[in-house]
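Colleague: Please take a close look at one helix in this model. I would like a connected account of how that part sits among the rest.

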Amino acid sequence: MPSVLVTGANRGIGLELVRQYAADGWQVHAACRDPNAAPELSTLAKSAGGSVSIHALEVTDEDAIDRLAAALRNQAIDVLINNAGVAVRDGMSFGSTNPESWTRAFAVNAIAPTKVSEALLPNLLAGKGRTIGMMSSRLGSHAYNTGSYLAYRATKAALNSVVRTMAAELKEKGIVTVALHPGHVRTDMGGATAPVAPVASAAGLRKVLAGMSAEKSGGFFDFEGNELAW
Ligand SMILES: NC(=O)c1ccc[n+]([C@@H]2O[C@H](COP(=O)([O-])OP(=O)(O)OC[C@H]3O[C@@H](n4cnc5c(N)ncnc54)[C@H](OP(=O)(O)O)[C@@H]3O)[C@@H](O)[C@H]2O)c1
């Protein structure tokens with residue numbers, strides 16, 4: 001049975017990824033900040049008959065990352081999806097920078113996915129899939145930058161840089177690392193009027209990840225499989 005670990009699995013795109021992988025027969029490790037405050041994920045895990053296990057993970061907490069790695073020691077993980085992320089609602093434009101919220105978003109959106117990947121590298125090396133999907137955003141692309149979302153863009157651009165570094169450095173180990181854009185999705189972050197349903201986004205992302213190869217490592221793909229410019 002292939003296995004996947006998804007961070008930020010209690011709502012939004014992460015929850016839908018868990019739902020779809022479980023329905024497809026995968027072993028799913030669903031990581032979320034507070035399992036006791038994740039009713040939809042808990043219900044999903046109960047109905048999945050043991051194929052979904054829930055793990056506590058505040059992604060910026062290095063001790064929590066270590067505890068997760070210890071709990072999963074010697075278990076293969078085929079696909080790691082670093083999905084947890086935060087928007088930056090203040091400091092949207094030049095002239096209103098809020099260093100505190102920017103720093104916090106960097107910790108969640110750029111540093112944490114790197115640390116989680118480092119901690120779970122042995123698990124990925126024990127698996128066959130050897131794929132890491134970093135949930136980036138089109139807003140992190142320099143090429144498409146038309147202003148606004150100043151701090152959020154910067155955090156996702158930093159994550160994109162990490163993807164390029166990891167792809168280069170993990171190539172010899174056979175690990176594929178890619179940046180993903182899920183579309184503008186109807187979640188708490190994307191808003192109620194966003195055009196893409198979580199179901200369609202997750203289905204597309206799963207297809208993109210399933211089609212990964214060494215040649216595509218270090219790429220930036222949207223949920224429809226289109227390659228994006230950096
Ligand atoms: N929705 C969009 O249109 C869109 C577009 C481009 C990129 N993205 C990216 O896609 C990913 C998922 O977005 P979404 O729309 O599903 O967002 P969402 O509905 O706001 O969900 C965000 C998820 O991340 C988790 N999270 C945030 N900070 C965390 C932390 N410090 N530790 C652990 N978990 C944390 C949240 O957990 P809590 O419930 O505990 O807060 C939640 O599970 C994000 O990386 C986002 O940047 C989304």
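Modeller: In α1, the buried residues are G12, I13, G14, L15, E16, L17, V18, R19, Y21 and A22. Buried means that 20 or more other C-beta atoms lie within 10 Å of the residue's own; 12 or fewer makes it exposed, anything in between partly exposed, and C-beta atoms are placed from the backbone. The model is predicted: local features need pLDDT of at least 70 and side-chain atom pairs count only at pLDDT 80 or more, while totals for chains, interfaces and linings use all residues. Residues are numbered from 1 along each chain as its sequence is written. Helices (H or I, at least four residues) and strands (E, at least two) are DSSP runs, numbered from the N terminus.

Because 10 of the 12 residues of α1 are buried, the helix is largely enclosed by the rest of the structure. From first C-alpha to last, α1 reaches 17 Å, close to the 16 Å expected at 1.5 Å a residue; the expected span is 1.5 Å times one less than the number of residues. After α1 comes G25, with a positive phi near 90 degrees.

The packing partners of the buried α1 residues are the strands β1 (3-7), β2 (27-32), β3 (52-56) and β4 (79-82), together with the helices α2 (39-47) and α7 (198-210).

The largest nonpolar core has 58 residues, and V6, V18, V28, A30 and L41 have the most contacts inside it. Such a core is a set of buried Ala, Val, Leu, Ile, Met, Phe, Trp, Tyr and Cys residues joined through C-beta atoms within 7 Å. To this core α1 gives the most, six residues. In soluble globular proteins, nonpolar side chains tend to be buried together. Apart from neighbours within four places in sequence, L41 is in contact (C-beta atoms, placed from the backbone, within 7 Å) with L15 and V18, and also with A9, N10, A30, C32 and I54.

Of the shell around the ligand, α1 (residues 12-23) supplies the largest share, three residues. There are 28 residues around the ligand, of which G8, G12, G85, T187 and G190 come nearest; a residue is near if its C-beta atom, placed from the backbone, lies within 6 Å. By type, the shell has 12 nonpolar, 12 polar and four charged residues.

Note on methods
Nonpolar A, V, L, I, M, F, W, Y, C, P; charged D, E, K, R; others polar. Contact = placed C-beta atoms within 7 Å.
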